[in-house]
Amino acid sequence: MQQLRQDITLLSGIGQLSTTLMGTGLFMIPAIAAGIAGEFSLWAWLILFVAICPIALTFAALGKRYPNAGGTAYFVRQAFNARLERAVAWLFVSVIPVGVPAAIALAAGFLQQLLPAPIDHPLLAQALTIALLIGVNLAGTKSSGRLQTVIALSIFVLIASFFVVGDVSSDDLKMPPLTQASMWPIGAALGVMFWCFVGIEAFAHMGEEFKNPQRDFPIAILVGCFVAGATYWVCSVVILKFGAYGSPQFDSASIPWLSDQLFGANAAILISLVGFFACFASVNLYTQSLSRMVWTQAREYRPNSAVAKLSRRGVPAHATWIVGLILLVSCVVAQWSGLNLEFFLKLANSIFVLVYLLAMFAAYKLLHGFAKVLAAIALLLCTGVFICLGWSMFYALGIFALLAVPWKKSARTPHPTSK
């Protein structure tokens, strides 16, 4: 059975996760959250970071014990059965039509500003972004990890410069007093903000490719989450100070607007470059994880198919092309239908949170001792976030129910090979 190359180091792992968690979210979620909860969004970030800690620790424990490119689907198979594994696998893949087009559209929005007039069309910019995603993925995880580490450093420098040049004082860092009336907007903001920490479940698919997964995978998750959480909070402080929020159109352009206010129009090209690569880094890991999810399903259930083969660079090339084609079709459909970022974010969040919820169920059954206690806490937290999603949680439950139904009861299910 073919195995992926173990090329990911601790540093590149931290770079990949932190850029994925920040990526698209940094350029729209702090402003959207500020529009929902105002200054109370600072509390929402702290609550979310505290809530994500046991979830991250649980994923770290699972990845350390079960490093596999199947990610959550593999964990569910170990805890329950192959039928639920396949349902989780395709539930994760089903995020492509609702989640990834929004992220690609945001990345392409920055790229479009860099393209010459004859070709600066939104759909063409999205197609170029997808082509670059496929190229980077086919180059292998080592090249991808180096690129994302450089992107992570660029994002840190950008947000730090906002903090310094924006003359953020101690008064700007003060937390507003919590009231009973603030609980609802904080909860509503959390339903959108969870997008910023989706990526851990995608990163779980990369565990098999770490040089030392037992040591480095858990550290990469913990450090990556901390770096991303601190960056989001600092970014929110700056956005609140300058009032860089207030409408759907403004929210997605808050970072470019801030750079224009603080550095002038001369920095527009630099900000567009950083913005594009930050969003690109986020979508890049999802492209990697989605292709690996398709590949693992082929490896386990159709080992002789072309999709189950690896390229000379040790990457699932056929699966990558399949994901790229689906991304392109989804972007075309989204462009024609008109893209409402907040609406699609809620649908995508519902799928991500349900995947997290199922991973925590699996962890509670598989882990022992203190790790089992953390899994129970994480399970309760994921349930709370799922409820905060409101109507959109029924979208994920509906998709999962359709996937979990044994439509072909009479067909024999091939027994998956163990790693």
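A residue counts as buried when its relative accessible area is under 20%. One caution before I start: the model is predicted.

Let me take Ser 291 to begin with. Ser 291 has a relative accessible area of 0%, so it is buried. This serine sits in helix α14, which covers residues 268-301. What does the side chain of Ser 291 find there to pair with? Another is the side chain of Arg 292, joined to the side chain of Ser 291 by a polar contact of 3.3 Å. Leaving out residues up to four places away in sequence, Ser 291 touches Pro 316, Ala 319, Thr 320 and Val 323.

Now the other serine. Ser 330 belongs to helix α15, which runs over residues 317-337. Is Ser 330 buried or exposed? Its relative accessible area is 10%, and since the cut-off for buried is under 20%, Ser 330 is buried. The side chain of Ser 330 reaches the backbone oxygen of Ile 326, at 2.8 Å. Again leaving out residues up to four places away in sequence, Ser 330 touches Ile 96, Pro 97 and Pro 101.

Helix α6, residues 100-112, packs against α15 with the axes 9 Å apart. How are the two helices oriented? The angle between them is about 80 degrees, and they are therefore roughly perpendicular to each other. On the α6 side the contact is made by Val 100, Pro 101 and Ile 104. On the α15 side, Leu 327, Ser 330, Cys 331 and Ala 334 take part. By type, the residues of this contact are 6 nonpolar, 1 polar and no charged.

Last, the whole protein. The model has 18 helices and 0 strands. Of its 419 residues, 56% count as buried. The C-alpha trace spans about 60 × 55 × 40 Å along the principal axes. A compact globule with 419 residues would have a radius of gyration near 22 Å, and this protein has 20 Å, which agrees. Finally, consider contacts between residues at least 6 apart in sequence: 84% of them join residues at least 24 apart.

Key: Residues are numbered from 1 along each chain as its sequence is written. This is a predicted model: local features need pLDDT of at least 70, side-chain atom pairs count only at pLDDT 80 or more; totals for chains, interfaces and linings use all residues. Side-chain values use heavy atoms; hydrogens and water are left out. Axes are lines fitted to C-alpha atoms, for helices over the stretch in contact, and angles run from 0 to 180 degrees between N-to-C directions. Helices (H or I, at least four residues) and strands (E, at least two) are DSSP runs, numbered from the N terminus. Angles under 35 degrees count as roughly parallel, over 145 as roughly antiparallel, 65 to 115 as roughly perpendicular and the rest as oblique. Contact means heavy atoms within 4.5 Å. Ala, Val, Leu, Ile, Met, Phe, Trp, Tyr, Cys and Pro count as nonpolar, Asp, Glu, Lys and Arg as charged, and the others, Gly among them, as polar. Buried means under 20% relative accessible area, exposed over 50%, partly exposed in between (1.4 Å probe, protein chains only). A polar contact is a pair of N or O atoms within 3.5 Å; within protein, one must be able to donate a hydrogen and the other to accept it, and residues adjacent in sequence count only if both atoms are side-chain atoms. The radius of gyration is taken over C-alpha atoms; the globule rule is 2.2 Å times the number of residues to the power 0.38.
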